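Subject: Structure handover

Hi,

Here is the structure for your files. My notes on what was found follow below it.

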Amino acid sequence: MYLGALELDILLGDVRSLKEKRSVVKPVIAALARYGVSVAETGEQDRYRRSLLGVAVASADVGHLTEVLDTCERHVAGRPELQLLAVRRRIFGPED
């Protein structure tokens, strides 16, 4: 079994309140969840122009796991209302 994790550091566009932030981040989380991953806002909850999303997935095949994480990263990077500042990726295998 392989476990993969992404940490996505995101700068939000024209957002002026935490309420507006939620209206931008919530659809991103819902869209990522459709890829069969677990996703949550894991940091920067008190800052309205920043968000830190955590994505996790388990798979029997490291190739499939990498493909799913790549798809999630591309999805977030392709959203015009967001700017992806940094991505941290970790993959844990049977030897870890």
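**Arg 50 and its surroundings**

Leaving aside neighbours within four places in sequence, Arg 50 is in contact (heavy atoms within 4.5 Å) with Asp 9, Ile 10, Leu 11, Leu 12, Lys 21, Glu 41, Glu 44 and Leu 85. Arg 50 sits in strand β3, residues 50-59. Helices and strands here are DSSP runs, numbered from the N terminus: H or I of at least four residues for helices, E of at least two for strands. Arg 50 has 17% relative accessibility, so it counts as buried. The cut-offs are under 20% relative accessible area for buried, over 50% for exposed, and partly exposed in between, with a 1.4 Å probe and protein chains only. From Arg 50 to Val 15 the gap is 35 residues in sequence and 9.4 Å in space, C-alpha to C-alpha.

**Ground rules**

This is a predicted model, where local features need pLDDT of at least 70, side-chain atom pairs count only at pLDDT 80 or more, and totals for chains, interfaces and linings use all residues. Residues are numbered from 1 along each chain as its sequence is written, and side-chain values use heavy atoms, with hydrogens and water left out.

**Overall picture**

The protein has two helices and four strands. Their order along the sequence is β-α-β-β-α-β. The C-alpha atoms fill a box of roughly 45 × 20 × 20 Å, taken along the principal axes. Of the 96 residues, 33% are buried. Take the contacts with a separation of 6 or more: 69% of them come from residues 24 or more positions apart.

**The helix pair**

Two packed helices are described by the angle between their axes and the distance between the axes. Here the pair is α1 (residues 18-33) and α2 (residues 62-77). Their axes come within 10 Å and cross at roughly 150 degrees. Axes are lines fitted to C-alpha atoms, for helices over the stretch in contact, and angles run from 0 to 180 degrees between N-to-C directions. The two helices are therefore roughly antiparallel to each other. α1 passes α2 in a right-handed crossing. Right-handed means that the near helix is turned clockwise from the far one by less than a right angle; anticlockwise is left-handed.

Which residues make the contact between α1 and α2? On α1 they are Val 28, Ala 31 and Leu 32; on α2 they are Cys 72, His 75 and Val 76. Five of these residues are nonpolar, one is polar and none is charged. Nonpolar covers Ala, Val, Leu, Ile, Met, Phe, Trp, Tyr, Cys and Pro; charged covers Asp, Glu, Lys and Arg; the others, Gly among them, are polar.

**Residues on α1**

- Ala 31 lies in α1. It is buried, at 7% relative accessible area. Beyond four places in sequence, Ala 31 touches His 75 and Arg 79. Ala 31 and His 75 are 44 residues apart in sequence and 8.5 Å apart in space, C-alpha to C-alpha.
- Lys 21 is also placed in α1. Is Lys 21 buried or exposed? Lys 21 is buried, with a relative accessible area of 3%. Not counting residues up to four places away, Lys 21 touches a list of residues including Leu 12, Glu 41, Glu 44, Tyr 48 and Arg 50.
- Glu 20 belongs to α1. Its relative accessibility is 32%, so Glu 20 counts as partly exposed.
- Ala 33 is in α1. It is partly exposed, at 38% relative accessible area. Ala 33 and Cys 72 are 39 residues apart in sequence and 9.2 Å apart in space, C-alpha to C-alpha.

Best wishes

Methods
Parallel < 35°, antiparallel > 145°, perpendicular 65-115°, else oblique.
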